[in-house]
Amino acid sequence: MKTFQIRTNSFLTSVLVAFLAILSTFTVTTAMARNSQPNFVLFISDDHTATDCGAYGSREVRTPNIDRLAREGMLFRRAFAASPTCMPSRASLFTGLMPFRNGAHANNLGSQSQCREDVRSLPYYLNQLGYRVAQAGKTHFAPKSVFPFERITNSEVPEPGFENHRDLHMDLNTSVVDEWLQNISTNKPFCLVVCDHSPHVVWLAKTTYDPETITVPPNQIDTPDVRKSRARYYTDISKMDTNLGSVLASLEKLGLGANTIFIYTSDQGAQWPFSKWGLYDQGIQVPFIVRWPGKIRPGSSSDAMISMVDVLPTFMEIANSKPPLDLDGKSFLPVLEGKTNRHRDVIFATHSQDTGMNSTPMRCIRTARYKYIFNLSPEIEYTTHMDKAKDHDGGREYWDSWVKAAAADPRAAAIMKRYHWRPREELYDVLLDPYEVNNLADNPAYADIKTDLNRQLTAWRKQQNDSKTGPDPAPVKK
């Protein structure tokens with residue numbers, strides 16, 4: 001009996017030792033996994049056309065911090081928003097789902113601007129992976145239940161002098177972002193999303209650029225009022241660049257830069273004709289620069305085509321997790337690692353409407369060379385806040401000069417006609433025609449290309465459950 005008891009105790013001891021060894025190994029492995037998880041800082045500006053900064057070729061716009069980031073990281077030349085409108089674009093970025101699949105396919109149009117309640121987003125997924133996930137600055141996503149960010153209080157503040165007239169006069173408070181970073185625990189990785197209001201209108205009234213020296217894009221009407229407005233827009237870009245530099249300085253001061261992936265991007269292009277609220281590249285192509293010390297070769301660039309829905313699955317794979325299979329996005333980690341310079345063969349984007357002021361929905365497909373746009377309601381005159389809104393800047397200050405120019409100048413009249421009336425189909429060679437002004441849709445030489453792109457876009461819309469044939473009624477203002 002005693003011999004049996006001794007043997008039993010010996011057996012139990014062996015089992016206990018083995019169990020503790022396994023537990024110890026698991027604990028060490030888990031700790032190593034967490035230690036290998038880098039931090040993320042995602043800085044998102046508002047309405048910044050990609051080409052309007054030094055890193056993307058501008059010789060006029062002063063963006064020293066964006067340019068520095070490009071020298072220290074990888075610049076993507078073909079990064080695209082899922083929509084050229086604020087809420088749909090941000091919802092797609094945070095959920096990894098295109099607008100019709102997450103539910104937010106319109107802007108400021110009631111429930112169609114909000115994600116479905118069953119949708120999950122970046123803070124949910126990264127919280128599950130042990131991350132502390134916070135957001136500062138502008139929100140503009142809904143409902144809040146789908147986006148369980150830790151909110152950094154007082155990070156969104158009115159600009160000086162507009163305390164009683166906030167509306168579009170809001171700013172990013174980087175000092176509270178710095179305070180938040182000072183108080184984080186080094187035992188837990190973090191993801192910080194910083195959203196600046198600039199260069200969204202209303203642009204700064206006091207400019208730091210000379211309107212006379214500014215180059216007006218070839219698809220715009222060059223008037224003195226346009227030059228003044230572009231000077232204000234450029235000043236707002238520089239203001240945003242300063243805020244970006246403040247966040248970078250905080251990371252360096254606190255010794256957090258080495259293990260932090262820093263990304264700069266924007267939600268869509270700027271509020272200019274043929275840009276925001278439209279599917280030309282000036283509206284959907286966004287700046288996208290990634291700095292990852294020790295992983296990304298400094299000063300590198302990539303022609304890989306990526307969509308903003310790809311950001312979430314990329315973050316998850318970097319954090320040692322497999323992204324859900326039902327996302328529209330797919331990880332571009334191999335591009336960041338320098339293993340490939342290809343990611344997507346085609347890019348899709350949608351624009352539905354923005355209340356009743358902008359109610360001409362459109363869809364597009366883009367390859368490395370061609371862009372095909374399908375306008376759902378070509379019989380409806382295209383209008384936006386630029387030509388209709390009279391209660392704030394962002395068109396009001398220069399649009400009358402366009403109307404006057406169009407009455408006297410045939411070229412200006414042609415630009416105005418092209419702005420207001422869109423054909424059912426548009427096809428562009430984006431390599432030879434980057435401003436997309438020469439529509440090839442009716443050119444027989446491109447018939448096969450148009451047919452193929454139309455077929456792919458139609459199949460994709462069906463997969464997305466996008467059966468829209470025109471705009472929805474605008475909500476009645478109460």
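1. Start at Asn 465, which is exposed, with a relative accessible area of 63%. This is a predicted model, and in it Asn 465 sits in the segment after H14. Its backbone deserves a look: phi of Asn 465 is near 60°, a positive value in a residue that isn't glycine. For background, most residues other than glycine have a negative phi.

2. You'll find Glu 436 in the loop between strand E14 (425–429) and helix H14 (447–463).

3. Now the cis peptides. Ala 142 and Pro 143 are joined by a cis bond, with omega at about -5°. Pro 143 belongs to the loop between strand E3 (132–137) and strand E4 (150–151). Another cis bond runs from Ser 198 to Pro 199, where omega is near 0°. Pro 199 is placed in the loop between strand E7 (190–195) and helix H7 (224–253). As a rule, most peptide bonds are trans.

4. On to the packing. The largest nonpolar core has 115 residues, and those with the most contacts inside it are Phe 76, Leu 192, Phe 288 and Leu 336. H7 gives the most to this core, contributing 10 residues. What does Leu 192 touch, once its neighbours within four places in sequence are left aside? Leu 192 is in contact with Phe 40, Val 41, Leu 42, Ala 134, Ile 152, Val 177, Trp 180 and Leu 181. There is also a second, separate core of 14 residues, with Met 98, Tyr 372, Leu 453 and Leu 457 among them.

5. Aromatics next: the count comes to 29 aromatic pairs. One of them is Trp 203 with Trp 272, a stacked pair at 5.2 Å centre to centre, with 20° between the planes. Trp 203 lies in the loop between E7 and H7, and Trp 272 in the loop between strand E8 (260–266) and helix H8 (281–284), so the pair ties together parts that are 69 residues apart in sequence. Both ends are out of the solvent by the accessibility numbers: Trp 203 is buried at 2% relative accessible area, and Trp 272 is buried at 3%.

6. Trp 399 and Tyr 419 make a tilted aromatic pair, 5.0 Å centre to centre and with 50° between the planes. This pair links distant parts of the chain, with Trp 399 in helix H12 (residues 399–408) and Tyr 419 in helix H13 (residues 410–420), 20 residues apart. Trp 399 is buried, having a relative accessible area of 4%, and Tyr 419 counts as buried too, at 0% relative accessibility.

7. Last, two arginines over rings. Arg 418 lies over the face of Phe 274, at 4.6 Å from the ring centre. Which ring does Arg 422 lie over? The face of Tyr 382, with Arg 422 at 3.9 Å from the ring centre.

Key:
Residues are numbered from 1 along each chain as its sequence is written. This is a predicted model: local features need pLDDT of at least 70, side-chain atom pairs count only at pLDDT 80 or more; totals for chains, interfaces and linings use all residues. Side-chain values use heavy atoms; hydrogens and water are left out. Helices (H or I, at least four residues) and strands (E, at least two) are DSSP runs, numbered from the N terminus. Buried means under 20% relative accessible area, exposed over 50%, partly exposed in between (1.4 Å probe, protein chains only). A nonpolar core is a set of buried Ala, Val, Leu, Ile, Met, Phe, Trp, Tyr and Cys residues joined through side-chain atoms within 4.5 Å. Contact means heavy atoms within 4.5 Å. Rings of Phe, Tyr and Trp (its six-membered ring) pair if their centres lie within 6.5 Å; planes under 30 degrees apart count as stacked, over 60 as edge-to-face and the rest as tilted. A charge sits over a ring if NZ of Lys or CZ of Arg is within 6 Å of the ring centre and within 35 degrees of the ring normal.
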